[in-house]
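Thanks for coming, everyone. Please have the sequence and the model open while I talk.

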Amino acid sequence: MSLAFFGFEIMAASDILYDYISANKDRIQEDPDFLKIITLKYCDIVDNINRFNDIISLSNLVQFVTSAFLMFGVFFFIRLNPRNPVAHFMATNVLIQLFLPCVFGEFVKIKMERLSTTLYLTNWHDFDLRNQKSFLIVLGMTHGEYGLRAAGMYDVNIYTFIKIVKMASSWCAFIFTLEITNVNAV
């Protein structure tokens, strides 16, 4: 629930800033204070993402590790008993509990990339020299990739979800193959 609550707040703030910039592209050239407002709002969003990452990064790492082991166990159980509906229900639950944070992380990343692209597509090259320098600093900030992270090392996105599921299925296939080879050798 906390992931959804704060994730929606970050996504909404990003959407609001995106709409604000899109509606006022011409105002950036006329009013230098408008650029300051955009910069401050963008910095607030990035700060919220960083704070949120600090809060949930360890719990995301624990969730990823436990999900990998749970998936391994559930996939192995499904492999041994393919007609057991309980195993399929457990697999669905494990996949959903890992999929939800990854979807939120993907949405935050997409929204921040969209905001960065919108800022870049403004006519910043028509600014006076002072505003060009300020805007280039803002563009440099937006160039970084902002999204959710687990333990500050792993991105929380769909790609990570796919990697964890592939890793758990590979472990399961490897252990199952070893077990069959052992049974056939004896």
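Start at Asp47, which counts as partly exposed because its relative accessibility is 32%. Here buried means under 20% relative accessible area, exposed over 50%, and partly exposed in between, with a 1.4 Å probe and protein chains only. Asp47 meets Arg51 in a salt bridge, 3.2 Å from N to O. A salt bridge is a side-chain nitrogen of Lys or Arg within 4 Å of a carboxyl oxygen of Asp or Glu. Arg51 and Asp47 are four residues apart in helix H3, so about one helical turn separates them. Helices (H or I, at least four residues) and strands (E, at least two) are DSSP runs, numbered from the N terminus.

A word on sources. This is a predicted model: local features need pLDDT of at least 70, side-chain atom pairs count only at pLDDT 80 or more, and totals for chains, interfaces and linings use all residues. Residues are numbered from 1 along each chain as its sequence is written, and side-chain values use heavy atoms, with hydrogens and water left out.

Back to the salt bridges. How many does the structure hold? Four. One pairs Lys111 with Asp15, the closest N and O atoms being 3.0 Å apart. That pair links distant parts of the chain: Lys111 sits in helix H4 (residues 85-120), Asp15 in helix H1 (residues 2-23), and they are 96 residues apart. Asp15 counts as partly exposed because its relative accessibility is 22%. Another bridge joins Arg149 to Asp155, with the closest N and O atoms 3.0 Å apart. Both ends are partly exposed: Arg149 has a relative accessible area of 30%, and Asp155 has 28%. There is also a network, in which salt bridges that share partners join Asp15, Lys111 and Arg114.

Now the largest pocket. Its volume is about 280 Å³. On a 1 Å grid over the protein atoms alone, a pocket is an open set of points where a 1.4 Å probe fits, with protein on both sides within 12 Å along at least five of seven lines; lining residues have an atom within 4 Å of a point. Grid points are joined across faces, edges and corners, and the volume is the space filled by probe spheres set on the points.

Which residues line the largest pocket? Among them are Leu61, Phe64, Val65, Tyr154, Asp155, Lys163 and Met167. The elements giving two or more residues to this lining are helix H3 (32-80), strand E2 (154-155) and helix H6 (158-185). H6 gives the largest share, five residues. By class, the lining has eight nonpolar, two polar and two charged residues. Nonpolar covers Ala, Val, Leu, Ile, Met, Phe, Trp, Tyr, Cys and Pro; charged covers Asp, Glu, Lys and Arg; the others, Gly among them, are polar.

Next, the surface. Val65, Phe69, Met167 and Trp171 form a nonpolar patch with about 360 Å² of accessible area together. H3 and H6 are the elements that give two or more residues to the patch. Patch residues have over 30% relative accessible area and no salt bridge, and nonpolar side chains are joined within 5 Å. Areas come from the Shrake-Rupley method with a 1.4 Å probe.

Two distances to finish. Arg83, in the loop between H3 and H4, is exposed, with a relative accessible area of 81%. Arg83 and Phe64 are 19 residues apart in sequence and 27 Å apart in space, C-alpha to C-alpha. Thr181, in helix H6, and Pro101 are 80 residues apart in sequence and 38 Å apart in space, again C-alpha to C-alpha.

Definitions and conventions. Patches are made of residues with over 30% relative accessible area and no salt bridge: like charges are joined within 9 Å, nonpolar side chains (Val, Leu, Ile, Met, Phe, Trp, Tyr) within 5 Å.
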